[in-house]
Structures are given as C-alpha cells and as structure tokens.
Amino acid sequence: MVNRLSTGKSWYKPFQYKEDVDKPGDVRNILLVVATLIASVTFQAGVNPPGGVWQEGDHAGRAIYVYYVFLISNTLALATSILVIIPLTYKFPCHLEIVIATIPMTVTYGSAVFAVTRHEIRFRYAIAAFAVPFILRCLIQLFKVLVFKNDHKSDPENGNNE
C-alpha cells in the first residue's frame, strides 16, 4: 500500500468493478448494502435534525439549526437510495413487502421533516428534492426508449432499413 502511494499508482484500482471478474449477484449484494446504509443514515438524520429542536417558546418543536441545504441534500440521498434498493430487490421473494415497507418509511420521514419545518415555506423544496431522482430515472428511461426505438428501426443487422 505504501509502495503504491509513493509510486503514484492508484490505491483504489484493486477495488474497482471488473465486469469479467465480479459476479452480478455479488455486485447486487454490495450495492444493496451500500444503498441500505445510505437510506438508514439519511432517514435517521432527517428524523433527528442536526442541533435538535427547540424545547420551549414560540419555536418549540422546530429545528434549531436552519438546515435547508442539509435537508435537501439528505432528502435527495434518501430518495436516491430508495430508487436503488427497489430495482435491486426486484424478483426477490419479499419484494412486495420491501416496497410496502418503503412507503411508510417515506411517509414517516416526510412527517418528521414536516414537523420540524411545518411553518416554513421551504418544505416544498424537500418534496421536490425527493421527486428529483424518480423524475430523472423516468426521463432517462424515456430517452433510452426513444433512442433505441429509432436505432432499432434503422438497424441493418435486424433486417430493418426504414
């Protein structure tokens, strides 16, 4: 390891994904562990905002720390990890249960965030941040369908020369 650092070789090369070496099942399991870890950490951080909440006064129950950048980033990370977990567990024996469990977890997260930002107009930014990964995934899929549909029509290998 020290030798690699001193010679300028990349220390992370041995850890990179290699399509011809790594098994798809192992890759899926690693991605599931990482996505689940991210979902757990972001959920916990969203439910318990940094700095806590006011205990008394007019602001009781609201976040002490003005944390909109944190809230949006955290919500984006949670939504993205959920977006990774759902397809990676597709056709697993308990996939339906995973989807069903994800929905109340999302509602719980949103309720907790709403509780500490309930009088703030910027709560809608958190909702928008949650939607971004799903919207992007839909747009990417739509783009792939449109591009591959057009490529397929003019593909001489398939006998299509429109």
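This tour moves from a pair of helices to the nonpolar core and then to the aromatic pairs of a predicted model.

**The α3 and α4 helices**

Begin by selecting residues 68-88, helix α3, together with residues 95-116, helix α4. The two helices pack with their axes 11 Å apart and at an angle of about 175 degrees. An angle over 145 degrees counts as roughly antiparallel, and α3 and α4 are therefore roughly antiparallel to each other.

Next, display the side chains where the two helices meet. On α3, select Leu71, Asn74, Thr75, Leu78, Ile82, Ile85 and Ile86. On α4, their counterparts are His95, Ile98, Val99, Thr102, Met105, Thr106, Tyr109 and Val113. By residue class, this contact comprises 10 nonpolar and 5 polar residues, with no charged ones.

**The largest nonpolar core**

Now turn to the largest nonpolar core, which has 18 residues. Select Tyr67, Leu71, Leu78, Ile85, Tyr109, Val113 and Phe130, the members that touch the most other members. Helices α2 (24-47), α3, α4 and α5 (123-153) each give two or more residues to this core. The most come from α3, which supplies 6 residues.

**Tyrosine 109 and its surroundings**

Centre the view on tyrosine 109. Which residues is tyrosine 109 in contact with, leaving aside its neighbours within four places in sequence? They are Thr42, Phe43, Gly46, Leu71, Asn74, Thr75 and Leu78.

**The aromatic pairs**

The structure holds 2 aromatic pairs. In one of them, the ring centres of phenylalanine 43 and tyrosine 109 lie 6.3 Å apart and the planes stand at 40 degrees, so the pair is tilted.

Is phenylalanine 130 buried or exposed? Its relative accessible area is 18%, and the limit for buried is under 20%, so phenylalanine 130 is buried. Phenylalanine 134, at 28% relative accessibility, counts as partly exposed.

Technical notes: Residues numbered from 1 in each chain as written. Predicted model: local features only at pLDDT ≥ 70, side-chain atom pairs only at ≥ 80, totals over all residues. Heavy atoms only, no water. Axes fitted to C-alpha atoms, helices over the stretch in contact; angles between N-to-C directions. Helix = DSSP H or I, 4+ residues; strand = E, 2+ residues; numbered from the N terminus. Parallel < 35°, antiparallel > 145°, perpendicular 65-115°, else oblique. Contact = heavy atoms within 4.5 Å. Nonpolar A, V, L, I, M, F, W, Y, C, P; charged D, E, K, R; others polar. Core = buried A, V, L, I, M, F, W, Y, C linked by side-chain atoms within 4.5 Å. Buried < 20%, exposed > 50% of the residue type's maximum accessible area, 1.4 Å probe, protein only. Phe/Tyr/Trp six-rings, centres within 6.5 Å; stacked < 30°, edge-to-face > 60°.
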